[in-house]
Amino acid sequence: MINSDDRKLVGQSVYEQLRSDIVTGKLAPGEKLKLNALRLRYSASVNTLRETLMRLVSDGFVLFVDQKGFSVKPVSTADLCELLELRQMLELSGVRKSMANKVGHMEWKSALISAHFRLNCVEKQMMEDETSHVQAWEKADRDFHITMVSHCGSQQLIRYHASVIELYMRYQVLALHRRPFRGQASMEEHHQLLKCLLEDDVENAVSILDSHIQKGLTLPDLSSVTSATTNKSRASA
């Protein structure tokens, strides 16, 4: 008999697999999520899948409509622009607050160095082989930016920023289907950003970060991204 702890582990595993497949486009934007098909794909019970999908609805990755069921949330330029604006507001404010908070400042900087080291390693791997390392890159990039605001002193800001950047990173991963990873340019921006953060150069840090986030709008036509990921998911089904 499976106990409650085992069920939680299974549920978390299914959640991470589904979320990853949505972010990377293996489950394409707008795709219907049928419980029976998912049960075979993820070797999970219908109850576990339903709970997981409702969690993904809450997180903004899945839509649920009465009488129609679940589907992957579609992508759109309007949604990306809204996410970018929210990310700018939260991340720039979070960085300012984190840099101004001198309590535990050295521990925060140590965490930044560690997060940047992991990101830098994965960015180098991405330049060699995007397909094999995209999931690790998405997490490492997200973790570095989350670490930047983690010292701001506001749990609400940290929570909302983490939610927004997860949804924002989905667009960046999907864009890889139509344009290459920014590679060296991204690495240099992250390096410059880390340098400013460690040297307490607030204005330059915020300026570099603002420009870095803005580059997220430079994506291919989103309808072509949807088409590409849909065709890819059908081919691998």
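Phenylalanine 70 has 8% relative accessibility, so this residue counts as buried; here buried means under 20% relative accessible area, exposed over 50% and partly exposed in between, with a 1.4 Å probe and protein chains only. The model is a predicted one, in which local features need pLDDT of at least 70 and side-chain atom pairs count only at pLDDT 80 or more, while totals for chains, interfaces and linings use all residues. Residues are numbered from 1 along each chain as its sequence is written, and side-chain values use heavy atoms, with hydrogens and water left out.

**Aromatic rings**

A pair of aromatic rings is described by the distance of the centres and the angle of the planes. Rings of Phe, Tyr and Trp (its six-membered ring) pair if their centres lie within 6.5 Å; planes under 30 degrees apart count as stacked, over 60 as edge-to-face and the rest as tilted. The count by this rule is one aromatic pair. Its members are phenylalanine 64 and phenylalanine 70, with ring centres 4.8 Å apart and planes at 45°, so the pair is tilted. Phenylalanine 64, at 39% relative accessibility, counts as partly exposed.

**The fold as a whole**

Let us step back to the chain. It has 10 helices and three strands, where helices (H or I, at least four residues) and strands (E, at least two) are DSSP runs numbered from the N terminus. Read from the N terminus, the order of elements is α-β-α-α-β-β-α-α-α-α-α-α-α. Of the 237 residues in the chain, 47% are buried. Contact means heavy atoms within 4.5 Å, and among contacts between residues at least 6 apart in sequence, 75% join residues at least 24 apart.

**Helices α2 and α3**

How do α2 and α3 pack, and at what angle? Helix α2 (residues 35–42) meets helix α3 (residues 46–59) at about 105°, with the axes 10 Å apart. These axes are lines fitted to C-alpha atoms, for helices over the stretch in contact, and angles run from 0 to 180 degrees between N-to-C directions. That makes α2 roughly perpendicular to α3, a term for angles of 65 to 115 degrees, with under 35 roughly parallel, over 145 roughly antiparallel and the rest oblique. Leu35, Leu38, Arg39 and Tyr42 of α2 make the contact with Val46, Leu49, Arg50 and Leu53 of α3.

Arginine 87 belongs to helix α4 (residues 77–100) and, at 3% relative accessibility, counts as buried. Beyond its neighbours within four places in sequence, arginine 87 contacts Leu92, His145, Val164, Ile165, Tyr168 and Ile213.

Leucine 209, in helix α9 (residues 202–214), has 0% relative accessibility and counts as buried. With neighbours within four places set aside, its contacts are Glu91, Leu92, Val95, His145, Met148 and Leu193. Its C-alpha atom is 9.5 Å from that of glutamine 192, 17 residues away along the chain.

Isoleucine 113, in helix α5 (residues 105–128), counts as partly exposed at 44% relative accessibility. Leaving out residues up to four places away, isoleucine 113 touches Leu194 and Leu198.
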